[in-house]
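Visitor: I like to check labels against their criteria. Could you walk me through this model and say what stands behind each term?

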Amino acid sequence: MGEGEGILELAQELAEVSRLVEDDDVATTLGRFVSRVVHTVPDCEEASITVLVGDQAEIIARYHKTTAAVAEPARAPLDQEMVKPDGPLYDTLTYGEPHRISDLAADHRWPEFAATAINAGYRSALLLPLPAVTGSAAAFSLYSDKVDAFGSTSYDIVLLFALHAGVAFDNVQLFNDSRSLVEQLRTALVTRTVIGQAQGVLMHRYEITSSVAFDVLKRASQDTNIKLRQLSADLVEAQNQGQLSAALRKFGLQTGE
């Protein structure tokens, strides 16, 4: 019963932390993950998420359980070591290969990385690729001050977090892309509306067809080097202010009436 309740609670936490909030960006959303994983995974002292931008690794979310200022000088060099091309994290980002380092003092594959992590107070680490499908390489990094901290149980929990973080990583980017597209469509709709209004002004003024009015607006835009939308908006505003004749003269649209 206790185990079932724990699984249910974890599932609820993951669902909540994955929920997109208005104006969330990738860093904000994934920041919730690294904070929650540190407080959920036993013996986890630090967690971070790193993305590969071009050929440069960049840490976009990071959380320490110990926030004491005295710990920062020892941890700061680990930031630089984590993103070096010859380290295990870069290897995970590039090839999608997970690395579980049970004892940093006994592992000799990445001596500089291990020495820096030990100096920061850590003895074991877990590096996992995030299963994102947007084409952006990302990785989860966890550190502990205990040897062999990330055993089978912790590993399974971290895998759940990694799966949800990958989904959130995709969703935030898709959400932002969709929102950008909506804004572009909204701008296009406003532009089309104001141009249509300007066409109507010219059609009424000179008794011309819609296509002829549009050609007149395009030619005036080219001749005056003013964007079509701005020129149209100025004409509509001038019509509303009772200053249409002056605007037509300004844009070279006044006839010999």
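Guide: Gladly. A helix here is a DSSP run of H or I with at least four residues, and helices are numbered from the N terminus. Keep in mind that the model is predicted. Just after helix 7, asparagine 225 has a positive phi of about 60°.

Visitor: How do you know that the length of helix 7 agrees with its number of residues?

Guide: Helix 7 covers residues 210-224, which is 15 residues. The expected span is 1.5 Å times one less than the number of residues, which gives 21 Å for helix 7. The C-alpha atoms at its ends are 21 Å apart, so the two values agree.

Visitor: Which residues of helix 7 are buried?

Guide: They are Ala213, Val216, Leu217, Ala220 and Ser221. Looking down the axis of helix 7, these buried residues fall within an arc of 135°, so they line one face of the helix. An α-helix has 3.6 residues a turn, so residues three or four places apart point the same way. On the other side of helix 7, Gln222 and Asp223 are exposed.

Visitor: What makes the buried residues of helix 8 lie on the same side?

Guide: The buried residues in helix 8 are Leu228, Leu231, Ser232, Leu235, Val236 and Ala238. They cover an arc of only 160° around the axis, which puts them on the same side of helix 8. The span of helix 8 (residues 228-240) agrees too: its 13 residues should reach 18 Å, and its end C-alpha atoms are 18 Å apart. Glycine 242 follows helix 8, with a positive phi near 70°.

Visitor: Why is the contact of lysine 84 with glutamate 81 called a salt bridge?

Guide: The cut-off is 4 Å between a side-chain nitrogen of Lys or Arg and a carboxyl oxygen of Asp or Glu. For lysine 84 and glutamate 81 the N to O value is 3.3 Å, and this lies within 4 Å, so the name applies.

Visitor: Which other salt bridge does lysine 84 make?

Guide: Its side chain also meets that of glutamate 112, at 3.9 Å from N to O. This pair links distant parts of the chain, 28 residues apart: lysine 84 is in the loop between helix 3 and helix 4, and glutamate 112 is in helix 5. Glutamate 112, at 49%, counts as partly exposed.

Visitor: What makes the pair of arginine 123 and aspartate 103 a tie between parts of the chain?

Guide: Their closest N and O atoms are 2.8 Å apart, in a salt bridge. Arginine 123 lies in the loop between helix 5 and strand 4 and aspartate 103 in the loop between strand 3 and helix 5, so the pair ties together parts that are 20 residues apart in sequence. Arginine 123 is partly exposed at 28%, and aspartate 103 is partly exposed at 21%. The whole structure has eight salt bridges, and Asp43, Asp145 and Lys146 are linked in a network of them.

Visitor: How do you know that strand 1 and strand 2 pair?

Guide: Pairing requires at least two bridges. Strand 1 (residues 46-53) and strand 2 (residues 56-64) share eight, in the antiparallel sense. Alanine 47, for instance, has tyrosine 63 in strand 2 as its bridge partner. The two strands form a hairpin with two residues between them, and glycine 54 in the turn has a positive phi of about 70°.

Notes: Residues numbered from 1 in each chain as written. Predicted model: local features only at pLDDT ≥ 70, side-chain atom pairs only at ≥ 80, totals over all residues. Heavy atoms only, no water. Buried < 20%, exposed > 50% of the residue type's maximum accessible area, 1.4 Å probe, protein only. Arc of directions from axis to C-beta.
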